[in-house]
Amino acid sequence: MRRDSWHSTGAVAVAEGAVHPATGSPWTLLVLAGIGVTAAGWFGTGGAASIAVPAIAVLFLCFLVRHLAFVAAAVSSAREDMAGEGRYDFGFRPTVTVMVPCHNEELVVEGMVGCLLALDYPPERVEFVVIDDGSTDATGAIVDELARRDPRLRVLHRPPRSGGGKSGALNAALTEASGEIIVVFDADHRPRSDVLRRLMRHFIDPTVGAVQGRCIVRNSEQSKLAKTIAVDYYCGYLVNEYGRQSLFGLPAYGGANCAVRGSLLRAYGGWNTDTVTEDTDLTLRLVLDGNAVRYDVSAIDTEEGVSTVQRFWRQRYRWARGHQRAWREYRGMVWRNRNLTRVQQIETTMFLLVYHVPVVCTFGVFLIVVRALGVVSWGASVDLTPLSTLLFVGPLLELATGLIVSHAPRRSALGVLLFLPSYVLFSIVCTKAWIDGVLGRPYAWDKTQRTGHGLVRTIDPVAAP
């Protein structure tokens, strides 16, 4: 079965669809340039700009409405759900395999393993697997020593340059996993002891294919950028993710602090090794195949947010490349899919376009600049400059709502002040990623570097055997 002709006919059909590496679509640039030249020749440069400006404004308005809907959903019920999520427990305890892929994680892996072994779940129904993915530092030695101390921990070593990135490491562990449910954490995460019980209770519903927990940045005081990232996580997990579930039943599987049915993963052939955002890819495969993804606002863990501009660039570039590729691969399937309602198709399309909106924003800034320089002009009745503020109003409201709903400390509000420069940088990153993706420039998995900020280790990486 060709993947581009896949309709939701079951998990087996998905597994049979070949996933090919993206080759880019350079014709897109030619088509866009052709449209621009034709419009300029037909209407004049000013007339063409007068068409483009309202089109951009409509896009901004659509996403503003989406942001406002998420804010309304979070304000109306998120806080109540956060308080009430712990009041029920169905006692559902399926077997679980917890996986932690690690590549050069000597600064953080010990703390991660300590949290794993402290998880409150029947020990006979859970197994812990740490994958040393070709590490060249002391990660392998550290996890081997931890496994020697506690037999509940299994360590899988992959040779260097085994390929596949995070997906490849997880797939290697999947072949040996015995759990009905697969739970994934990144090495820098620190889950609360009740996370497994909170995630597992959703799987009592057989239609649920995956569950995403809530992540909080713990190193917000490390730098001004880290503070902004922390506020962004309040927005993403308390407003955006919550709103997608509350309004559309379409939260995203986020790749860490998350659980997925092992039977579905095996039917799909595991995680997609041809993408650098395996979480977005798996989200789409699940929902297009008719499986529900759920979000649990009370299944909480903490993680280390990026603290430097260089790390921010590399992380967001990877996210943008993967998400933009998902748009190219799945956009047609979304509108042909029978498991999604029309409203869900619209929302999924907007979800796929999230990393394209900053590209349009960059183009809008370009138009503003050329108009200011007198290169081109358009009717005064449509001015992009004030309309472009609509692009920022929605995210700002989400950020503020996330802070309010989470009872975040007042000093966290300082992160909102840095939103604008970080969004400008984000727009540049997304634009470069889009151009590189359209041109088919190769790109491989690039892990986020950790600092281990604020963590204490008991195993000396140098002295570890």
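Predicted model: local features only at pLDDT ≥ 70, side-chain atom pairs only at ≥ 80, totals over all residues.

Me: What makes helix 3 largely enclosed?

Reply: Helix 3 covers residues 109-117, and seven of its nine residues are buried, so the rest of the structure largely encloses it. Among the buried ones are Val-109, Glu-110 and Met-112. The buried residues pack against strand 1 (96-102), strand 2 (126-133), helix 4 (139-149), strand 3 and strand 5.

Me: Strands 3 and 5 also belong to the sheet. Why are they called edge strands?

Reply: The open sheet has eight strands in the order 3-2-1-4-7-6-8-5, with mixed pairing. Strand 3 (153-158) and strand 5 (190-191) each pair on one side only, and they are the edge strands.

Me: How do you know that strand 6 and strand 7 pair?

Reply: Two strands pair if there are at least two bridges between them. Strand 6 (residues 208-217) and strand 7 (residues 258-261) are joined by three bridges and run antiparallel, so they meet the condition for pairing. Gln-212 stands opposite Cys-258 in strand 7.

Me: Why is the contact of Arg-158 and Asp-133 called a salt bridge?

Reply: The cut-off is 4 Å from a side-chain nitrogen of Lys or Arg to a carboxyl oxygen of Asp or Glu. For Arg-158 and Asp-133 the N to O value is 2.8 Å, so the pair qualifies as a salt bridge. Arg-158 lies in strand 3 and Asp-133 in strand 2, so the pair ties together parts 25 residues apart in sequence. With buried meaning under 20%, Arg-158 at 13% is buried, and so is Asp-133 at 14%.

Me: What makes Arg-244 and Glu-347 a link between distant parts of the chain?

Reply: Their side chains meet in a salt bridge of 2.7 Å, N to O. Arg-244 is in helix 7 (residues 224-248) and Glu-347 in helix 11 (residues 342-352), 103 residues apart.

Me: Why is the pair of Tyr-317 and Tyr-443 called edge-to-face?

Reply: The planes of Tyr-317 and Tyr-443 are 75° apart and the centres 5.1 Å. Ring centres must lie within 6.5 Å to pair, and planes over 60 degrees apart count as edge-to-face, so both conditions hold for this pair. Tyr-317 lies in helix 10 (residues 309-336) and Tyr-443 in the segment after helix 16 (419-438), so the pair ties together parts 126 residues apart in sequence.

Me: How do you know whether Tyr-443 is buried, partly exposed or exposed?

Reply: Its relative accessibility is 28%, which falls between the limits of 20% and 50%, so Tyr-443 counts as partly exposed. Tyr-317, at 9%, counts as buried.

How values were computed. Residues numbered from 1 in each chain as written. Heavy atoms only, no water. Helix = DSSP H or I, 4+ residues; strand = E, 2+ residues; numbered from the N terminus. Buried < 20%, exposed > 50% of the residue type's maximum accessible area, 1.4 Å probe, protein only. Contact = heavy atoms within 4.5 Å. Phe/Tyr/Trp six-rings, centres within 6.5 Å; stacked < 30°, edge-to-face > 60°.
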